[in-house]
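Dear colleague,

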Amino acid sequence: MIIVEAKPFAFSFPAGKAALVVIDMQRDFVEPGGFGEMLGNDVSLLRSAIEPCRRVLEAARCAGLAVIHTREGHRPDLADAPPAKLRRGGLAVGIGDLGPMGRVLVRGEYGHDIIPELYPLASEPVVDKPGKGAFYATDLDSMLHNRGIRSLVVCGVTTEVCVNTSVREANDRGYDCLVLEDCVASYFPEFQTAALNMIKAQGGIFGWVSDSKRFLAALAKA
């Protein structure tokens with residue numbers, strides 16, 4: 001068993017039954033010139049999670065944990081994008097429109113892909129999701145079930161949206177989730193704090209919270 005110091009109490013899991021899930025570390029969200037910055041956000045707040053994520057990703061690979069990446073985006077014909085999502089915000093350049101990195105949040109476009117620092121290996125599945133949650137309209141649950149995985153270590157962006165939604169979905173499906181607070185990030189510091197507090201509140205209502213330092217120490221000890 002690998003035991004990670006965490007809140008509200010230690011998180012333990014067998015290495016063979018755990019997966020690292022890296023959520024939506026895409027150019028559109030994380031890099032200057034992407035959709036996130038076009039919305040007026042400071043992407044440096046998200047980029048602060050890249051290096052901790054990179055260290056965790058490297059360690060997980062060395063430890064033999066399953067690694068799964070996700071991307072939020074839509075078919076080129078936008079048939080899987082709800083009209084309400086496309087309308088929301090009244091944006092001059094929104095989902096499906098042409099931006100500096102190609103069509104915004106459209107699969108196959110430059111901005112939709114994962115950043116080079118965390119790019120998946122050929123052996124690591126990439127889950128393309130049309131919504132915020134990693135389980136909605138995807139085969140992630142089947143992928144985890146077929147591998148006998150019951151524990152998820154979660155990194156990615158943004159903490160209050162796709163990370164939080166995915167953790168809640170996982171919790172409802174019986175998975176234990178450990179969120180590494182320096183490996184997740186938000187454009188809004190107050191949302192980062194609130195989202196992490198929601199996960200670990202009431203004895204871990206949705207999961208556990210730790211950080212990369214404690215997780216890496218646990219892997220090294222094991």
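By class, how many nonpolar, polar and charged residues does the lining of the largest cavity have? The lining has 10 nonpolar, 1 polar and no charged residues, where Ala, Val, Leu, Ile, Met, Phe, Trp, Tyr, Cys and Pro count as nonpolar, Asp, Glu, Lys and Arg as charged, and the others, Gly among them, as polar.

This is a predicted model, in which local features need pLDDT of at least 70 and side-chain atom pairs count only at pLDDT 80 or more, while totals for chains, interfaces and linings use all residues. Residues are numbered from 1 along each chain as its sequence is written, and side-chain values use heavy atoms, leaving out hydrogens and water.

On a 1 Å grid over the protein atoms alone, a cavity is a set of points where a 1.4 Å probe fits but cannot get out, a pocket is an open set with protein on both sides within 12 Å along at least five of seven lines, and lining residues have an atom within 4 Å of a point. Grid points are joined across faces, edges and corners, and a volume is the space filled by probe spheres set on the points.

The count comes to 1 cavity of 30 Å³ or more, and the largest cavity has a volume of about 60 Å³. Its lining includes Val 21, Phe 135, Ser 166 and Cys 177, and H7 supplies the largest share, 3 residues (helices are DSSP runs of H or I, at least four residues, numbered from the N terminus).

The largest pocket holds about 570 Å³ of space, and of its 25 lining residues the closest to its centre are Phe 29, Phe 35, Leu 39, Leu 105 and Lys 132.

Best wishes

Terms used
Helices (H or I, at least four residues) and strands (E, at least two) are DSSP runs, numbered from the N terminus.
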